[in-house]
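I opened my notebook to look up a few things in this structure. Here is what I had on screen.

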Amino acid sequence: MPTTTWNRHHILSLADFTTTEYDTVLQTAASFQEVLSRRTKKVPTLQGQVVANLFFEPSTRTRSSFEIAAKRLSADTLNFAAATSSMTKGETILDTAKTYLAMGTDIMVVRHREAGVPNAIAAEMDRLGVKVSVLNAGDGQHEHPSQALLDLFTICTLIDPASPRLDLLKGKKIAIVGDILHSRVARSNIWSLIASDAEVHLAAPPTLLPKLFAEFLLESGVRSQEFIISSSPSFPTPHSPNQQLFLHWQLEPALQNADFVMTLRLQKERMTAHLLPSLREYHQLFGITRTKLQLCKPNVKVLHPGPVNRGVEISSELMDDPEFSLIQSQVTSGVAVRMALLYLLGSGKA
Amino acid sequence: MPTTTWNRHHILSLADFTTTEYDTVLQTAASFQEVLSRRTKKVPTLQGQVVANLFFEPSTRTRSSFEIAAKRLSADTLNFAAATSSMTKGETILDTAKTYLAMGTDIMVVRHREAGVPNAIAAEMDRLGVKVSVLNAGDGQHEHPSQALLDLFTICTLIDPASPRLDLLKGKKIAIVGDILHSRVARSNIWSLIASDAEVHLAAPPTLLPKLFAEFLLESGVRSQEFIISSSPSFPTPHSPNQQLFLHWQLEPALQNADFVMTLRLQKERMTAHLLPSLREYHQLFGITRTKLQLCKPNVKVLHPGPVNRGVEISSELMDDPEFSLIQSQVTSGVAVRMALLYLLGSGKA
Amino acid sequence: MPTTTWNRHHILSLADFTTTEYDTVLQTAASFQEVLSRRTKKVPTLQGQVVANLFFEPSTRTRSSFEIAAKRLSADTLNFAAATSSMTKGETILDTAKTYLAMGTDIMVVRHREAGVPNAIAAEMDRLGVKVSVLNAGDGQHEHPSQALLDLFTICTLIDPASPRLDLLKGKKIAIVGDILHSRVARSNIWSLIASDAEVHLAAPPTLLPKLFAEFLLESGVRSQEFIISSSPSFPTPHSPNQQLFLHWQLEPALQNADFVMTLRLQKERMTAHLLPSLREYHQLFGITRTKLQLCKPNVKVLHPGPVNRGVEISSELMDDPEFSLIQSQVTSGVAVRMALLYLLGSGKA
């Protein structure tokens with residue numbers, strides 16, 4: 001492992017991540033990626049420590065990814081799933097967290113359908129003066145930092161496998177396509193990408209763009225124009241003059257010369273909420289296909305956080321095309337990045 | 001670990017626990033509490049042994065506590081949850097237990113909503129002449145020995161951290177408040193507390209006292225009097241003249257000068273069964289608050305087996321007050337005590 | 001472990017298993033049976049490898065058996081259960097498998113209610129050129145190879161504990177009784193038993209025999225005759241002139257002088273599908289009892305894959321009779337055989 005100074009005690013959001021922190025995560029994950037290619041894929045780093053997966057919202061794939069990451073580090077894991085838990089018995093979320101604290105948990109990986117729950121747990125742990133770390137594994141429509149970090153790692157290692165770092169993305173055009181409004185993945189990705197000085201383009205139907213953007217677009221009466229948004233109360237904003245965030249309610253200008261296309265999962269419930277005409281029409285307008293990719297740079301790559309609705313966000317053919325799709329690499333990167341995060345949070349413990 | 005002779009093969013009830021057995025559990029748990037404060041919290045004691053959690057009634061917190069205890073001892077764990085099991089396929093409970101036996105289970109931790117299930121499994125294992133141990137993790141309204149032992153450990157280590165032992169409770173006044181009638185926790189606690197020669201006071205509305213007691217109280221036409229019960233067919237009874245069990249259907253006489261107040265979880269279903277007027281009225285009459293604690297000794301401590309219905313059995317404010325609440329300590333003690341029980345049952349194996 | 005050449009990369013079906021392969025599994029399982037009798041029951045063989053149990057159809061007992069087998073080999077395990085998974089989110093089965101592949105899974109143990117799913121996953125893994133092995137843990141009405149291999153191991157070690165091998169069954173009369181039509185266990189058992197040159201007798205009501213057989217029987221207008229079937233498009237067929245498969249729609253000719261009686265689990269749903277008059281009548285006609293066993297060889301043994309419907313496929317009394325019942329041995333053999341299969345698939349990895 002690289003020797004490094006890491007001072008962050010919880011990982012809740014990427015909003016205030018520094019370049020050094022991004023680079024530390026990327027380099028640490030690269031070391032673990034190397035461990036994972038060995039015959040014996042385990043390291044004793046977190047032996048005797050307990051990682052509790054507190055998944056108030058069910059998610060097999062993210063939970064499995066954290067679980068295997070923890071086991072590769074020789075930690076013991078505990079799985080809490082809301083469905084079968086005493087939550088139904090009237091206990092509050094903080095009480096549940098404190099129970100796992102009292103049982104000797106060192107790191108809590110928290111997912112909840114409400115934004116802010118991991119922050120609330122972390123605040124309570126700090127108030128109690130205990131050393132437990134909290135890692136946000138997705139909270140409502142707020143953030144999903146480990147997903148954005150694995151996306152970042154996937155892209156950066158593609159550009160420079162030996163030395164993934166944030167500045168590799170400088171000037172790259174990256175499109176984020178889909179349900180921006182409801183996506184915690186998009187929120188976390190925007191923070192890391194604007195920190196890298198990439199050129200970030202968001203494309204979505206107006207009903208799936210954050211409200212302020214959508215109102216602005218609708219009032220303007222325009223249909224296909226390009227916007228540079230410099231500030232929005234409900235959304236990440238660039239912090240330097242170099243950083244630019246573009247919004248589109250048509251797909252094409254976002255794809256034009258893009259280096260990477262990040263697609264987002266579409267919750268089918270959106271349709272019943274009248275935010276979408278039909279999945280078929282959505283696919284026609286915003287679904288990514290090999291044909292549409294011809295607008296991008298020739299070696300463009302496509303990402304998706306999974307699970308994919310084949311034929312909706314992305315064509316089935318494209319999803320399975322190793323020339324364009326990074327989806328499998330993302331899952332593999334996920335284990336290495338989560339090992340890195342658990343390592344950075346856990347190695348100062350006890 | 002203290003060298004000790006431990007002859008009990010199953011832990012099903014505290015009814016016939018000896019002073020020596022209580023003290024052995026307390027001292028062994030104290031050793032493990034020390035292990036848990038080390039950097040590496042694992043010991044190889046049960047390496048290669050299998051602990052199966054057979055939870056026919058779901059319980060995330062108790063199951064997690066046993067699971068982490070087993071993992072700290074380096075045992076392998078198997079989790080059986082009734083919901084997803086073949087129980088729906090027509091197999092009997094004993095068949096399920098025998099299946100886990102045949103797979104090589106060394107210790108079965110059993111929870112079931114019916115009283116007597118752990119005893120029935122233990123009897124079957126003995127009949128088969130196998131070495132498997134059964135540990136009752138809560139059976140109906142019968143007993144919950146590991147909970148009572150962790151309560152005992154929590155109290156005793158508070159009085160003498162270096163040497164917790166049963167005789168520390170001699171003459172202490174301990175109130176048990178709440179749904180005595182339906183509580184397996186209360187039943188197990190009464191056994192251990194009367195064995196310690198503490199003065200045990202039970203307080204509950206008449207509808208939540210064991211039937212014989214309630215009938216007696218109602219027939220007497222009294223409302224606030226104090227009773228010394230010397231014998232009851234359905235309930236633990238003192239075995240020596242020193243041991244006293246008091247019953248109250250008002251809270252105040254139980255709290256008067258109490259050293260410890262053990263509150264019990266209230267099942268909200270009780271209200272729909274017309275055993276309670278309302279949760280609010282229950283809280284007013286039997287809920288523990290800082291004000292009511294003024295009746296007790298100044299350094300009184302409050303326990304609750306969890307999960308707590310905040311504002312019902314105990315005020316939210318009091319629950320979070322480290323000056324009075326031992327609730328978090330109980331959870332931590334739970335891991336140490338369960339390590340001790342698994343160790344005592346398991347170390348003679350194979 | 002015996003040094004052996006094992007070239008099979010997936011275990012999906014026993015249809016083309018060779019005698020050498022059967023004997024390798026039996027001998028390897030015998031070595032692990034010996035390991036399981038030691039004080040420390042773990043071996044480091046698969047340390048650092050990941051075994052993922054992908055159970056799209058729930059099964060606590062089979063999943064627990066594979067899980068404990070994997071843990072005895074020091075592998076890390078991941079459990080995927082369809083109920084709580086993202087399958088509901090629109091991901092395909094192959095996408096799920098590829099996600100677990102990308103997370104670093106070495107062996108996938110797959111159960112699904114549709115026949116052919118493990119084959120489809122294995123084909124996809126091969127197409128991708130990855131080293132992951134797939135083990136069929138039961139697919140629809142197709143096959144359940146590990147169950148048939150543990151049945152084989154149970155029988156062979158009874159005959160010669162020191163050296164279980166396929167040719168021990170030559171000439172033994174083995175009856176398979178029950179719902180042949182829907183049983184993947186029967187299908188896999190028939191492959192292994194005819195490979196051993198045992199004399200295999202199937203007995204079932206006509207509605208629970210494979211369709212072609214049933215039609216043939218019904219058209220013949222016979223009620224109790226014995227048939228030698230040499231070929232059937234939907235069922236295993238003997239490959240040598242020595243191998244014989246007999247079908248009966250009455251129980252008695254199958255039991256006559258039998259050495260072993262394999263009973264099959266009856267799905268109670270069959271009755272609602274009008275395939276059975278009543279469970280009581282089924283038990284009267286095809287249920288195995290001590291009285292009916294008097295038709296068999298004196299030291300006949302009875303098997304059942306579990307979970308048993310007591311009093312349906314087999315009388316409760318007989319099930320618990322260690323003189324006749326091998327049911328508990330089967331469960332124990334299951335762990336040893338699954339250790340052997342994981343070992344044979346996994347030891348060539350990485």
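**Ground rules.** I am reading a predicted model, where local features need pLDDT of at least 70, side-chain atom pairs count only at pLDDT 80 or more, and totals for chains, interfaces and linings use all residues. Residues are numbered from 1 along each chain as its sequence is written, while chains are lettered from A and ligands numbered from 1 in the order in which they are written.

**Chain C against chain A.** I first looked up how the copies are related.

Then I looked up the contact (C-beta atoms, placed from the backbone, within 7 Å). I found 20 residues of chain C touching 25 residues of chain A. On the chain C side, β2 (76-81) and α3 (93-102) each supply at least two residues; helices (H or I, at least four residues) and strands (E, at least two) are DSSP runs, numbered from the N terminus. The most comes from α3(C), with four residues. By class I noted six nonpolar, nine polar and five charged residues on that side. Here nonpolar means Ala, Val, Leu, Ile, Met, Phe, Trp, Tyr, Cys and Pro, charged means Asp, Glu, Lys and Arg, and polar means the others, Gly among them.

**Chain A against chain B.** This contact takes 20 residues from chain A and 25 residues from chain B. On the chain A side, α3(A) has the largest share, four residues.

**Helix α1 of chain C.** I checked the length of α1 (residues 19-36): its 18 residues should span 26 Å at 1.5 Å a residue, and the end C-alpha atoms are 26 Å apart, which agrees. (The expected span is 1.5 Å times one less than the number of residues.) Which residues of α1(C) are buried? I listed C:E21, C:Y22, C:V25, C:L26, C:T28, C:A29, C:A30, C:F32 and C:Q33; buried means 20 or more other C-beta atoms, placed from the backbone, within 10 Å of a residue's own. Their cover includes α5 (145-159), α6 (184-195) and α12 (327-346) of chain C.

**Domains of chain A.** The assignment gives domain 1 (19-144 + 331-346) and domain 2 (147-330), with bounds from an automatic or database domain assignment. Their contact takes 21 residues from domain 1 and 24 residues from domain 2 of chain A. On the domain 1 side, α1(A) gives the most, seven residues.

Key:
Contact = placed C-beta atoms within 7 Å. Expected span 1.5 Å × (residues − 1). Buried ≥ 20, exposed ≤ 12 C-beta atoms within 10 Å, placed from the backbone.
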